[in-house]
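Let's work through some exercises together, one step at a time. Keep the sequence and the 3D view open as you go.

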Amino acid sequence: MSAGSPFPTPPPLPGSPVLTPRGTLIRALRGPLLLTTLGVLLAADHLGGLSFERTWPALLIVFGACKIAEHMEVRQA
Amino acid sequence: MRRGSLFAPLLLIGLGALFLVRNVYPDLQILPYLAKYWPFLLILWGVLRLGEIVFWATTNRPLPMRGVSGGEWAFVILICFFGGALNAAMGFSTWLPRGGIELGGLEMFGESYDYPITAEKPSGKSPLIVIESFRGNARITGGDQAVVKVSGRKTVRSMDQAGADRANEATPFEISGDGNRIVIRTNQDRVSFHQRVTDEMEISVPKGASIEAHGRSGDFTLESIDGPVTIDADRAGVHLENLGGETRLDVRSSDVVRALNVKGNFELRGNGSDIDLENMDGTVTINGGYTGNVEFQNLSKPLHFVGPQTEVTLQKLPGLIRMPLGTFNASNLVGPARLETRSRDVQIGEFTNSMEVSVERGDIQLRPSLPVAKLDAHTRSGNITLALPADAKFDLTASTNHGQLSNEFGGSIRIEESARGGTMRGASGGPAVDIHTDRGEITVRQAMPDEPPFAPRSVREFKGRTFKQFKAPKQLKQFDQ
């Protein structure tokens, strides 16, 4: 991050490099979003007969959407 | 300082709760629930993580580079692997070919297209009717006619009419055979795995027919049939009324098995939730894990029930047994009877002939009828209450290793107290009555003539709750609640 950022650089979390909040929000949300989507698809598979074999591309869509959001956020910043 | 995620402690609490429930209610089978609902663990994890990150962001705290770290993803894959394997092993899986598809769940894509089914075949008076494996519901009714008639509908779930028509043509409904053996075939296997075809059949058969039905998922309702009945299904609710022959059910996962007025021997194997048997004239043999409400009423011949944690044998049941989770209530049964259970509170009243009760954890209340027969009851941990009629003849030995003894019967019973427990003895020239608890109180008292039964007779109207609806189980459950 640039030196002029209004946010003070926080101490890094052990095991994970840290950027300032604005730059990493979408990126940090990406994993949990994918995890939630995976859970929903598997639950639909087990409970509703909506087979995971058919619905797995939703994971790619979520991943792609996150990437786009990340890109737009960085450009805005 | 590192802010740990809430998920790990919550997972620990969840695991603790799971094991606690497992210990308190050993009869509750957790694995089937786990096999089905484990993906919600991932949803919970993801949502918690989302919440945490949004909270950290709004409070201007530093965010981790990745919301879910590499190690956590490895753990997710491990969970998926075990969850999927468990799901497949319990027979729920749709990942494995032809594993079966749950009906009535999420149906977001496509539409249902219905096609009528009608077929007819003349038969003898007592043909064997074979229904080959299918998904859907079947209601089979016996009558006086010498013909097998099928009516109903086939439902195809498809994105468009043309696809549904193709699936319909690919799965012709067939009824074949001669007068003695008639085969009903839905040919659902002929369409691809993703197209869902279900059949709802109303089948009328001669009263003397024998039935051999195979199902993948759906309900069977059988009424007024005199021949033997065999049902073999992966997932099914089964409702039987007025059957004359032997009945054998093998249902891997049943939400309800209900039978009324069955004359022949009845055998049930499998796993499931509720069992409700009433007016059974033959022997009843049940082998499997049933976690819901298990109820028997008016059995004329011996009952033998073997569950994972509970085993019951008795000779006759003019009264009622009710076995909701963690309890065993019985009234009016005829021995020699034996009950062995890991963890239930046991109440047995109005029984004749010998009785043997063995409980690992749980209280025991016994109220034998006159004349008192040989009685043997012991629990490792729990109180025992014995209510004897005032003029009963018995030879009592009641002991506890840790706990109090109280004699509310009076008369000839003496208490010998030891360091932590004691023994109660009393003889009036009758059969041996031995009761023992390792840890718990023992009370012997007089039974009052007007005490209410431990398991009062069911006042529910059987006809009203059973066969009115074609898709019976869901309606029934609502009614029962």
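**Exercise 1.** In which sense do β10(B) and strand β11 of chain B pair, and over how many bridges?

Solution. The model you are looking at is predicted.
- Step 1: Find strand β11, residues 266–280 of chain B.
- Step 2: β10(B) pairs with β11 in the parallel sense, over twelve bridges.
- Step 3: Check one bridge: B:Ser254 has B:Gly272 in β11(B) as its partner.
- Step 4: Now turn to β9 (residues 229–243) and β10 (residues 247–262) of chain B, which also pair in the parallel sense over twelve bridges.

**Exercise 2.** Classify the pair B:Phe81 and B:Phe82: what is the angle between the planes?

Solution. Over all chains there are six aromatic pairs.
- Step 1: For B:Phe81 and B:Phe82, the centres are 5.6 Å apart and the planes make 80 degrees.
- Step 2: Planes over 60 degrees apart count as edge-to-face, so this pair is edge-to-face.
- Step 3: B:Phe81 has a relative accessible area of 57% and is exposed; B:Phe82, at 53%, is exposed.

**Exercise 3.** Are B:Phe296 and B:Phe305 buried or exposed?

Solution. 
- Step 1: These two rings form an edge-to-face pair, 6.2 Å centre to centre with 65 degrees between the planes.
- Step 2: Buried means under 20% relative accessible area. B:Phe296 has 0%, so B:Phe296 is buried. B:Phe305 has 3%, so B:Phe305 is buried.

**Exercise 4.** Which residue lies over the face of B:Phe454?

Solution. Look for B:Arg367, at 4.3 Å from the ring centre of B:Phe454.

Key
Residues numbered from 1 in each chain as written. Chains lettered and ligands numbered in written order. Predicted model: local features only at pLDDT ≥ 70, side-chain atom pairs only at ≥ 80, totals over all residues. Heavy atoms only, no water. Phe/Tyr/Trp six-rings, centres within 6.5 Å; stacked < 30°, edge-to-face > 60°. Buried < 20%, exposed > 50% of the residue type's maximum accessible area, 1.4 Å probe, protein only. Lys NZ or Arg CZ within 6 Å of the ring centre and 35° of its normal. Pairing = 2+ DSSP bridges. Helix = DSSP H or I, 4+ residues; strand = E, 2+ residues; numbered from the N terminus.
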